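Dear colleague,

I am passing this structure on to you, and below it you will find notes on what turned up when I went through it. Please read them with the coordinates open beside you.

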Amino acid sequence: MSPASQPAGRRERNKQEKLDRIIAAASELFAERGVDEVTTQQIADKADIGTGTLFLYAKSKGELLLLVQNVKYAASLDRGRAAAETVPGVLDAVLAIVRPIVECNRAQIDNGRTYMREVVFGDPAEPRHGEALAIVGQTEEAIAAVLRRDEQVTEGDAATLAHIVSAVTFLSLAVSANIGLSVDEIVQDIRGQIGLLLPR
């Protein structure tokens with residue numbers, strides 16, 4: 001039996017169980033109150049662990065938010081990719097990828113804005129930040145793949161345009177003037193901007 005196929009030992013199972021409890025506790029508290037209104041002590045108490053143990057898994061509240069939100073953003077990207085496969089038009093297919101990410105971000109607006117700030121300004125060497133940046137990269141790759149459906153778009157242009165779409169999405173979600181906008185309004189804002197970039 002190879003090491004990869006052996007069942008996890010008790011220590012690994014205990015670590016995973018604690019991590020699952022931390023994610024569940026942080027997710028629930030962040031959703032109920034927003035990240036700024038939750039303390040690490042409250043998360044530790046809800047997860048039924050000590051704060052010292054909590055900090056073995058995440059060194060700050062920002063990292064806890066990344067831990068929780070990375071899972072949600074990755075699932076949103078999966079939904080967007082699947083939706084884009086069924087949409088024939090390039091612009092509409094790009095928006096099919098973007099829409100679930102907007103929905104995820106807007107589920108709790110303050111959490112979404114804090115998450116983006118952590119992704120941009122956090123330490124890229126920290127594993128949770130690295131995971132978040134990987135999700136951004138995968139999103140851009142999915143968008144580039146859709147853009148390459150258009151014969152006028154070269155490989156290099158697709159990557160550059162995907163990066164621009166990512167930046168437009170980020171700004172539409174982060175700008176304070178858009179805090180009160182609905183998911184549909186933000187998607188329309190993104191559509192208007194990226195529609196000008198794509199070949200006609």
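Predicted model: local features only at pLDDT ≥ 70, side-chain atom pairs only at ≥ 80, totals over all residues.

Helices, and strands likewise, are taken here as DSSP runs (H or I over at least four residues for helices, E over at least two for strands) and are numbered from the N terminus. Residues are numbered from 1 along each chain as its sequence is written, and side-chain values rest on heavy atoms, with hydrogens and water left out.

I begin with A158, which sits in helix α8. A158 is buried, its relative accessible area being 0%, where buried stands for under 20%, exposed for over 50% and partly exposed for what falls in between (1.4 Å probe, protein chains only). Once its neighbours within four places in sequence are set aside, A158 is in contact with A144, L147, R148 and V153, contact meaning heavy atoms within 4.5 Å. E140 is 18 residues away from A158 in sequence, and the C-alpha to C-alpha separation of the two is 9.3 Å.

Two packed helices are described by the angle between their axes and the distance between the axes. Helix α7 (residues 127-147) packs on helix α8 (residues 155-174) at an angle of about 125°, and their axes are 8 Å apart; the axes are lines fitted to C-alpha atoms over the stretch in contact, with angles running from 0 to 180 degrees between N-to-C directions. The two helices are therefore oblique to each other, given that angles under 35 degrees count as roughly parallel, over 145 as roughly antiparallel, 65 to 115 as roughly perpendicular and the rest as oblique. From α7 the contact draws on V136, E140, I143, A144 and L147, and from α8 on A158, A159, L161, A162, H163, V165 and S166. By class, these residues divide into 9 nonpolar, 2 polar and 1 charged (Ala, Val, Leu, Ile, Met, Phe, Trp, Tyr, Cys and Pro count as nonpolar, Asp, Glu, Lys and Arg as charged, and the others, Gly among them, as polar).

Turning to charges, a salt bridge here requires a side-chain nitrogen of Lys or Arg within 4 Å of a carboxyl oxygen of Asp or Glu, and by this rule the count comes to 8 salt bridges. One of them joins the side chains of K46 and E28 at 3.3 Å, N to O; K46 lies in helix α2 and E28 in helix α1 (residues 10-33), so the pair ties together parts that are 18 residues apart in sequence. Another joins R191 and D92 at 2.5 Å, N to O, and since R191 is in helix α9 (residues 183-195) and D92 in helix α5 (residues 90-106), this pair ties together parts 99 residues apart in sequence. R148 and E155 also meet in a salt bridge, at 3.5 Å, N to O; R148 is partly exposed at 35% relative accessible area, whereas E155 is exposed at 55%. Salt bridges that share partners also join R99, E103 and D184 into one network.

Finally, a backbone point. Most residues other than glycine have a negative phi. D48, although not a glycine, has a positive phi of about 60°; D48 is found in the loop between α2 (40-47) and α3 (51-57), and it is exposed, with a relative accessible area of 64%.
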